[in-house]
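Here is a note for a colleague who is starting to read protein models. Please keep the sequence and the structure open beside the numbered points.

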Amino acid sequence: MARESVKYEFADIGQNRDARQTAREHLQRFNNPATSDADRAALLPQLFGQAEGASVTPPLFLASGHNVRLGKKVFVNLGLTISGSAPVIIGDYTLIAPWVQIHSTTHPVDPWERQQVAFTAKPVTIGENVWIGAGAIICPGVTIGDHAVIGAGAVVTQDVPRCTLVAGNPASVVRTLDEPDMATIYLKRQEG
């Protein structure tokens with residue numbers, strides 16, 4: 001995936017007001033305790049660019065959901081926050097624990113530039129069969145490889161290789177994980 005920053009000027013913030021209002025209304029309905037599970041499932045295509053077969057538990061906090069793609073059988077526990085000003089891709093069979101934050105948006109570090117550019121965004125890519133522990137924070141521009149595990153509370157500022165367990169702030173590799181036989185695992189999951 002391209003990893004270039006997208007710069008948003010202050011003038012960009014006021015654009016697409018109607019679309020943003022509609023997205024907020026869909027999100028409000030999704031998070032309403034009175035909304036049925038069937039109605040929530042029907043709202044997922046309105047909230048995300050792709051979410052077929054995903055399961056998302058409210059509350060959900062989402063900005064620019066049209067840039068977010070959830071793979072098949074993704075499970076999202078309560079309290080997920082996503083700022084999707086650049087694409088956020090979450091691979092098939094990924095599990096996201098409570099209160100995880102995924103940010104594609106940041107602000108310039110340089111004070112002068114921060115007054116010229118509203119914010120910048122870099123894509124976030126999360127591979128398939130990843131487990132992201134409770135309270136983890138995924139920062140802009142990060143790619144997480146397939147079958148990785150992100151420890152609870154980790155702050156992921158750099159790419160995570162496939163089949164690794166990372167933890168800490170900033171997250172670092174704790175150990176390498178065995179390569180799974182995904183064909184067998186997926187087949188068993190589909191049968192069950």
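1. Aspartate 37 and arginine 40 form a salt bridge, with their closest N and O atoms 3.5 Å apart; the term stands for a side-chain nitrogen of Lys or Arg within 4 Å of a carboxyl oxygen of Asp or Glu. Side chains of opposite charge can pair when their charged atoms come close. Because aspartate 37 and arginine 40 are 3 residues apart in helix α2, about one helical turn separates them.

2. This is a predicted model, in which local features need pLDDT of at least 70 and side-chain atom pairs count only at pLDDT 80 or more, whereas totals for chains, interfaces and linings use all residues. Residues are numbered from 1 along each chain as its sequence is written, and side-chain values use heavy atoms, with hydrogens and water left out.

3. By the salt-bridge rule the count comes to 3. Another of these pairs joins the side chains of arginine 162 and aspartate 146, at 3.5 Å from N to O. Arginine 162 lies in the loop between β17 (155–156) and β18 (164–167) and aspartate 146 in the loop between β15 (143–144) and β16 (149–150), so the pair ties together parts that are 16 residues apart in sequence. Helices (H or I, at least four residues) and strands (E, at least two) are DSSP runs, numbered from the N terminus.

4. Arginine 162 is partly exposed, with a relative accessible area of 39%, and aspartate 146 is also partly exposed, at 24%. Arginine 162 forms a salt bridge with glutamate 179 as well, and here the closest N and O atoms are 2.3 Å apart. Glutamate 179 sits in the loop between β19 (172–176) and α4 (182–191), and this pair links distant parts of the chain, 17 residues apart. Through shared partners, the salt bridges join Asp146, Arg162 and Glu179 into one network.

5. What is the volume of the largest pocket? The value is about 790 Å³, where a pocket is, on a 1 Å grid over the protein atoms alone, an open set of points where a 1.4 Å probe fits, with protein on both sides within 12 Å along at least five of seven lines, and lining residues have an atom within 4 Å of a point. Of the 26 residues that line the largest pocket, Arg20, Ala63, Ser64, Gly65 and His66 are the closest to its centre. The elements giving two or more residues to this lining are α1 (17–31), α2 (37–47) and β3 (60–63), and α1 gives the most, with 7 residues.

6. Lysine 73 is found in the loop between β4 (68–70) and β5 (75–76), and at 36% relative accessibility this lysine counts as partly exposed. Lysine 73 and serine 55 are 18 residues apart in sequence, and their C-alpha atoms are 7.0 Å apart in space.

Terms used:
Buried means under 20% relative accessible area, exposed over 50%, partly exposed in between (1.4 Å probe, protein chains only). Grid points are joined across faces, edges and corners, and a volume is the space filled by probe spheres set on the points.
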